[in-house]
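These are my notebook entries on one structure, set down for a reader new to it.

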Amino acid sequence: MSHPEHVPDDVVAAFRAYLSGDRELWKTRNEALDRSRTVQRAYRAFVSAMFAEAVDRRLGRHPAWERIVEFVADIRARDDALADALDPDETERMIAWVDDDAGIDDIDADRSLGIWILVVTVIVRDADLDDAGLDAFLQRARTFADEVLG
Amino acid sequence: MPVEVSDWHVDLVRTFLRQDDGKLKPMLGQMPRTYEVDGTGVLLWAAFVEATFRRFPDGNVADIIRFVAHVRIRRGRNAPPISPAAAEKLIISALTATEADGLTDLEKGQHIILLSELIEDEALTDAQLDAFLDVARTHAKHIAASL
């Protein structure tokens with residue numbers, strides 16, 4: 001089975017729309033994505049890389065456990081939907097996993113993807129990035145994901 | 001036989017909440033070895049319900065989430081862990097008088113730790129703790145009567 005060596009442009013473009021808050025454009029671009037396994041693998045690698053990049057920007061490298069607990073509580077306390085969607089234990093472990101390879105294999109793939117996307121969305125929204133800042137964020141995540149895929 | 005909440009049960013819970021380990025240890029040795037719900041269990045749950053109502057009078061979920069995080073950080077990473085999702089469910093269950101679904105027996109027992117932490121935050125005087133336990137005992141009698 002062949003794997004793409006890079007994250008496809010249209011995957012990056014879809015998430016650019018999502019993180020810009022343009023949900024209509026996100027919907028259109030996301031629905032148009034190739035559903036092949038190879039692209040899904042790249043999609044997952046890219047979301048994972050955005051998550052790592054966002055966590056690194058917000059909490060720094062190797063954040064203390066207390067800081068992770070506080071951060072997850074802060075974002076879950078913002079609204080009931082986030083509180084329900086983000087299991088605190090799973091989300092904390094995901095954040096710790098960015099730096100320390102702690103096992104997260106018990107967390108279902110769809111759940112982990114959902115957690116990554118929600119946390120990235122919150123961190124990017126809080127950062128209030130301009131267009132250039134968002135592009136730089138996506139590019140760094142893309143480079144990281146390409147390294148993983150390559 | 002109906003569950004009764006005696007003066008001894010109240011003294012046991014008071015000793016636990018005051019963290020008077022020297023007195024608590026022999027009292028725990030006198031507890032009956034049973035898995036049946038007894039006066040201690042009913043009083044601890046009643047006290048937990050009363051403490052949650054005092055702390056979260058509006059039932060605000062954001063406050064509950066922040067409190068659980070605060071407790072976990074205060075206890076530290078090396079303390080016996082509290083499951084945050086279970087702790088939040090227990091507090092909501094106490095506030096809404098509903099069953100906390102999907103919890104293990106170990107997770108259900110976390111209300112005892114949460115009670116202790118809620119009382120620690122209150123920094124009650126002896127007289128205030130006695131008044132608190134009086135209210136909890138009254139709640140416990142109602143709970144015991146419904147068992």
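Entry 1. I looked up helix α7 of chain B, residues 110-122, in this predicted model. At 1.5 Å a residue, its 13 residues should span 18 Å, and I found the end C-alpha atoms 19 Å apart, which agrees. I then listed the buried residues of α7(B): Q110(B), H111(B), L114(B), L115(B), E117(B), L118(B) and I119(B). Against which elements do the buried residues of α7(B) pack? I found α1, α3, α4, α5 and α6 (105-108) of chain B as their partners. I also noted A123(B), which follows α7(B) and has a positive phi, near 50°.

Entry 2. I turned to two of these partners, helix α1 (residues 7-17) and helix α3 (residues 39-55) of chain B. Their axes come within 9 Å and cross at roughly 55°. An angle of that value falls between the cut-offs of 35 degrees for roughly parallel and 65 for roughly perpendicular, so I recorded α1(B) as oblique to α3(B). I noted the crossing of α1(B) and α3(B) as right-handed. Which residues meet there? From α1(B) I listed H9(B), V10(B), L12(B) and V13(B), and from α3(B) I listed G39(B), T40(B), L43(B), L44(B) and A47(B).

Entry 3. Next I took up α4(B) and α5(B), whose axes come within 10 Å and cross at roughly 130°. The crossing of α4(B) and α5(B) is right-handed. I found I64(B), I65(B), V68(B) and R72(B) of α4(B) in contact with P84(B), A87(B), E88(B), I91(B) and I92(B) of α5(B). I sorted the residues of this contact of α4(B) with α5(B) into seven nonpolar, no polar and two charged.

Entry 4. Last, I looked up where chain B touches chain A. The contact takes 11 residues from chain B and 12 residues from chain A. Which elements give two or more residues to the side of chain B that touches chain A? I found α4 (61-75) and α5 (84-96) of chain B. The largest share of that side, seven residues, comes from α4(B). I divided the residues of the side of chain B that touches chain A into seven nonpolar, one polar and three charged.

Notes
Residues numbered from 1 in each chain as written. Chains lettered and ligands numbered in written order. Predicted model: local features only at pLDDT ≥ 70, side-chain atom pairs only at ≥ 80, totals over all residues. Axes fitted to C-alpha atoms, helices over the stretch in contact; angles between N-to-C directions. Helix = DSSP H or I, 4+ residues; strand = E, 2+ residues; numbered from the N terminus. Parallel < 35°, antiparallel > 145°, perpendicular 65-115°, else oblique. Left-handed = near helix turned anticlockwise from the far one by under 90°. Contact = placed C-beta atoms within 7 Å. Nonpolar A, V, L, I, M, F, W, Y, C, P; charged D, E, K, R; others polar. Expected span 1.5 Å × (residues − 1). Buried ≥ 20, exposed ≤ 12 C-beta atoms within 10 Å, placed from the backbone.
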